[in-house]
Amino acid sequence: MDRLSASTGTLFVIAAGNAGPSDETVGTPGIADSALTVGAVDKSDHLASFSSRGPRLGDSAVKPEITAPGVNITAARASGTSMGTPVDDYYTTASGTSMATPHVAGAAALVAQAHPDWTGEQIKADLASTAKTQPDADVYQQGDGRLDAVRAVEQGVFGTSTLSFGTYDDDATGIDSKDITYTNTTDKAVELKLASTLAEAAPGAGSVTVPAHGTATVPVSVDPTKEGQGRYSGHVTASGDGVVVTTGVGFEKAPKAFELKVNLIGRDGQPIPGSALYTMQELNGAISNNYGFLTATHTWQVPAGTYSIGSWIYDRDAGGSAVGTSVVGDPEIKVDGDITITLDARKAVEIKPKTKEDSESKGFTTSWHREGPGSSFGMSYSQGWWTRHVYVAPTKPVTQGSFEFYSKFRLYAKELTASVVGPEKLPLSMYYSQTYNDFPTEISGSHTVRAVDAGGGTAADFAGLDVKGKVAVVGLGATERSDAALANATAAGAGYLITYRKTPGFWLEAVDHATTVPLMIATGEEGAKLTSLLRTGKKVTLKLGGTPVSPYVYNVLFAQKGAISANQTYKVDSSNTVKHTTRYYGSQAGGMGLDTAYTFRPYQLFGVDSGQYMQLGTSRTEYYNVDPDTRTWHVVYPDWRASKGQWSPLRTLDKAGTEPAEDWLRQVVRPVSSEEYGPSERTGDQLTMSIPEFGDSTMGHYGYVDGTQDTAKGKLYADGQLVGDSLIGGYGVFTVPAAQPSYRFVLDAQRRADWARYSTSTHTEWSFASAHTTTQTALPVLSVDYDLHGLDLLNRAEAKKKTKLGLSVRDQAGSLKAGSLKAWVSYDDGASWKEVKVRHGRAEIKHPKGAEFVSLRVLASDSAGNRIDQTVLRAYGLK
């Protein structure tokens, strides 16, 4: 950024970022010296809580230089976008320093137009030094103050935007001086009186005369030997004859620093190769919380204090692949002089969840969190299935603040098991090759088969080789992939294929497409051993087993508070878990979805986890460990290509036992109110509609459109007149009349993805009354719940049998509302409809011959006259 500014003369106006209210949060590229960096204020010129603050991390330079309005800004809206809260098709309202920055950029254009001979650097100085300083914010929060576009264009006199003296060490000596340069572009000399709000950095003169079309300088000096530890900032103001010029000044006096040296040792007893992830903090906030990567030895210069350091040291195999991770740290390091600590992965013990089944993890998360009087910080690190082992080193109990470490797993039946059973016993730790365009072909059940040496896997290697129904073993070069070998093995009729590279260690493989032959990947060592056995001429037999769809999953989190213990074996059984059967409905046999189980500890605002592929149209037993301090949020995607899923309510499980079965993605999926998503409500004369577009048959589940695969649009009418619409579907904020007209909210949602077989289009109209309120008041919008009897796991009913349909109506709180109910069915996607009788909330649907899909329309009202009219095309299928 600085090079671009220097080479082009351009002024870059850049948002400070929205990472406030913490200090040292101005982001790149706004940290550049040449950038005019912009913070945000509200309409009363108060600093926005989200606005990133200075000083600049690393050297305590003054950033930002200026602020501008950035709270609840209504601006032009790009067609079809949903950023912020859309007002209509042309405008949206949003908050952020990115909403403040265009004000300053526009003012810069006005200044450039009025003064076409000014450089970018002069425009920056003019905009900043003519800003209006606010008394409730310091220099590192606001720079020189809030933009004053009129003064910037018309005043013609400006000064250096900011003076950054940086950071002084504890033993710094000598007086440091920097100049403020005042520039007068008018035809008349100006005399300016100088005043400073920072006594530690007073100007060298009480006044200055700036000649017409000239400049004048005034020194500002700092004597660090006279200052105590801390951060200093203020404004030097030059004023006179209607001219006001402000320069922000800042510096920091650092405390005495000591060396904190860390050595990282791997499980092999050697200094680690490469780097390790780390998190570090000082409990009283003496330094900024930080994280990143460390090499084998690293030294910080830090003030005295109590520190916490956690590291994730990789365990690498002979090929250099990370096949394990050791979490090693010290949550309480006393620093009052130079100190060296060693974090040794050899002290770490393996974390082992134990279930009654022989289970495996498809990835795990470890988390280190430390809290003190001035710092609450930590890190969660989620790793994939290829990291086979995780360890953690015990620690001593902390004596200050709090400390927690946890490990989190999702445990499944083993997807693949393999071993050599003759002529000798040899376990094999293989995995299925991934694919770029589909899913691997997997083994189901147990099979004992003969292995055959297929050389390098070329067509010539397979020529004349009897591999039908057998395992072909192929050794590849160091950079070769398995695609050609897989194609040749398939053509030769092989039952299975194992590939390995003729280099040591684990390697991660993926082919373009799967075939009918399961492709398994071995390490270089195991592959070489297997090939060596085959070349003895003896019959080599393998036992292969697989469970493509796990009948269970354990979602477990093991938290330790205060210290990490040496015992990291966790028994998981009925005494410490909640169990329930979960059914995952789909739309076609073999369809693949995705699910994620997020967890939140009391100090966490967001979860770190990765999704797991799962076959839809199946059911499984799920277990969650009991912990009153863990909240769980489950999300299920209707297809592995879907960008939005169905969400569960946030739950806390504090009692072991068995819960009722839970259904996911069961029809009828339709717009339905959800307390978790947020209420539809009115406050004063602002009406908020908040209705997720895709809720399945389980109360509390909700999903919403992504704007690409799914689209939706809502319109609000008052007494038949359009109030406004929203392209983000069921969510919209509207300003409405104070009187009590009759409202109608119309929501249309479509699913356009090729995997979307059901609920392809919905049309819902809510009719209700609402008048001015003085408090937040829930709107009387209704939802229809559908209970389709006899659906199979692919959301199909028997075509030759009557389908029983239960219908009920509820408000947002979930209370059942008595009233009228009518229903219609269609078998031609809504081209024609036939009414079905509804008695006491029950109906029976008889399907005509040849029908494939059933569409539903329901009209319902409560005793107060609030109404819902809902149409769902392809509500369910027939078989």
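Of the 879 residues in this protein, 52% are buried. The model is a predicted one. Its secondary structure comes to eight helices and 64 strands. Along the principal axes, the C-alpha atoms fill a box of roughly 95 × 80 × 55 Å.

Now look at the contacts. Take those with a sequence separation of 6 or more: residues 24 or more positions apart account for 70% of them. L277 gives a case to follow. This residue sits in strand β16, which covers residues 276-282. Is L277 buried or exposed? L277 is buried, because its relative accessible area is 10% and the cut-off for buried is under 20%. Leave aside residues up to four places away in sequence, and L277 touches G292, F293, G310, S311, W312, M379 and Y381. Pick G310 from that list. In sequence, L277 and G310 are 33 residues apart. In space, their C-alpha atoms are 8.4 Å apart.

The protein exposes about 37700 Å². Carbon and sulfur atoms supply 50% of that area. Which residues make a nonpolar surface patch of about 340 Å²? They are V87, Y90 and Y91. V87 lies in a loop, with β5 (85-86) on one side and β6 (91-94) on the other. V87 counts as partly exposed, because its relative accessible area is 39%, which falls between the cut-offs of 20% and 50%.

The protein has 83 positive and 95 negative charges.

Notes: Residues are numbered from 1 along each chain as its sequence is written. This is a predicted model: local features need pLDDT of at least 70, side-chain atom pairs count only at pLDDT 80 or more; totals for chains, interfaces and linings use all residues. Side-chain values use heavy atoms; hydrogens and water are left out. Patches are made of residues with over 30% relative accessible area and no salt bridge: like charges are joined within 9 Å, nonpolar side chains (Val, Leu, Ile, Met, Phe, Trp, Tyr) within 5 Å. Accessible areas come from the Shrake-Rupley method with a 1.4 Å probe; for residues, only the protein chains shown count as cover. A salt bridge is a side-chain nitrogen of Lys or Arg within 4 Å of a carboxyl oxygen of Asp or Glu. Helices (H or I, at least four residues) and strands (E, at least two) are DSSP runs, numbered from the N terminus. Buried means under 20% relative accessible area, exposed over 50%, partly exposed in between (1.4 Å probe, protein chains only). Contact means heavy atoms within 4.5 Å. Lys and Arg count as positive and Asp and Glu as negative; His and the chain ends are not counted. The place of a charge is taken as NZ of Lys, CZ of Arg, CG of Asp or CD of Glu.
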